[in-house]
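Visitor: Please show me the structure, and let me ask what the words used for it rest on.

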Amino acid sequence: MKVLTVNVGRPKRVPYTDAPGGVTGIDKRPVDGPVMVEDPGPERSGGGGLAGDAVCDHRFHGGSDQAVYAFAREDLDRWAAEFGRPLPNGAFGENLTTYGVDLAHALIGERWRVGADLLLEITSGRIPCRTFQAWLGEDGWMRRFTRRAETGAYLRVLAPGAVQAGDPVEVVHRPAHDVTVQLAFRATTIERHLLPRVLAAGEALHAKELRKARAYVARYGDRQGAAAAGASAGAGAGDADEASAAVRA
């Protein structure tokens, strides 16, 4: 398991984002040499964790729980085959393009040692947004991405350090629960009856998703999942647009 490339983005003014000022940093490109990674600080006030990486819409991006975004080269290759065009590293706006890491089935709270010093902890999957869809230019992208639920992973920084292409990724801790990135993503988007299950991840879960799960259980109880499962099974990925907005509420 390793980092193939480290990718950062510069602010770019585009017509397709509703971010303040019409600026986005989704166009991330591989860089040479080491890049320092640190905790950027709280949501809405902190940017991204990588030095030199632009996070332009603090409403939905950046902050401690989304300090670093990783996406697997293997998943990029599957999408490239479906699109019928190449997808370079960084094409999904990821900071780290990985190889040999099964991100969908990685656990919330799983910790990675990357390189000599950097220690990261997985917090959540990535919720698709309209800027992401417009950037890729793929019809129905939010629904397609949500349906597949191979979202890559957001990570927080537990110990700062430099990262560069070729650095090994070592899993140094796997928590004793079964809450994967994929499960947490489905729970917070179109399979909300799963929300009680994600509470097993505790404080390792992205703070916003943890609040959502706790609110659900407070309202419905932890047995609601069994009753809701049948109804939820009929919900399709067409709900992805609404889910994308709701998870940020």
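Visitor: What is the mean pLDDT of the chain?
Guide: pLDDT is the predictor's confidence in each residue, from 0 to 100. The mean for the chain is 88, and 88% of its residues reach 70 or more. Over residues 225-249 the pLDDT stays under 50. Where pLDDT is low, the predicted coordinates should not be read in detail.

Visitor: How many helices and strands does the chain have?
Guide: The chain has eight helices and 12 strands. Both are DSSP runs numbered from the N terminus: helices are H or I with at least four residues, strands are E with at least two.

Visitor: What makes I127 buried or exposed?
Guide: Buried means under 20% relative accessible area, exposed over 50%, and partly exposed in between, with a 1.4 Å probe and protein chains only. I127 has a relative accessible area of 10%, so I127 is buried. I127 sits in the loop between β9 (118-124) and α2 (130-136). Between I127 and T188 there are 61 residues in sequence and 9.1 Å in space, C-alpha to C-alpha. In the chain of 249 residues, 54% count as buried.

Visitor: Why is strand β6 called mostly covered?
Guide: Strand β6 spans residues 68-72, and five of its five residues are buried. V68, A70 and A72 lie on one side, Y69 and F71 on the other, and they are all buried, so both faces are covered. In a regular strand the side chains alternate between the two faces of the sheet. Strand β9 is likewise mostly covered, with seven of its seven residues buried.

Visitor: How do you know that β6 pairs with β10 and β7?
Guide: Two strands pair if DSSP finds at least two bridges between them. Three bridges join β6 to β10 (residues 153-159), running antiparallel, and three join β6 to β7 (residues 96-99), running parallel. In β10, Y154 stands opposite Y69 and L155 stands opposite V68. In β7, T98 is the bridge partner of A72.

Visitor: What makes β8 and β9 a hairpin?
Guide: β8 (residues 111-114) and β9 pair in the antiparallel sense over four bridges, and three residues lie between them. R113 stands opposite L119. G115 in the turn has a positive phi of about 70 degrees. β9 also pairs with β10, antiparallel over five bridges, and S124 has Y154 as its bridge partner there.

Visitor: Why are β4 and β12 said to stand at the edges?
Guide: The open sheet has eight strands in the order β4-β1-β7-β6-β10-β9-β8-β12, with mixed pairing. β4 (28-30) and β12 (169-173) each have a single partner strand, so one side of each is left without a neighbour in the sheet. From one strand to the next the twist averages 35 degrees.

Visitor: What makes the unit of β6, α1 and β7 right-handed?
Guide: A crossover is right-handed if, with the strands pointing away from the viewer, the path from the first strand over the helix to the second runs clockwise. β6, α1 (residues 73-83) and β7 make a right-handed β-α-β unit.

Visitor: How do you know that the buried residues of α1 line one face?
Guide: The buried residues of α1 are R73, D75, L76, W79, A80 and F83. Seen down the helix axis they fall within an arc of 155 degrees, so they line one face of α1. The arc is that of the directions from the helix axis to the C-beta atoms. What covers these residues includes β1 (2-9), β6, β7 and α3 (141-148).

Conventions. Residues numbered from 1 in each chain as written. Predicted model: local features only at pLDDT ≥ 70, side-chain atom pairs only at ≥ 80, totals over all residues. Heavy atoms only, no water. Axes fitted to C-alpha atoms, helices over the stretch in contact; angles between N-to-C directions. Contact = heavy atoms within 4.5 Å.
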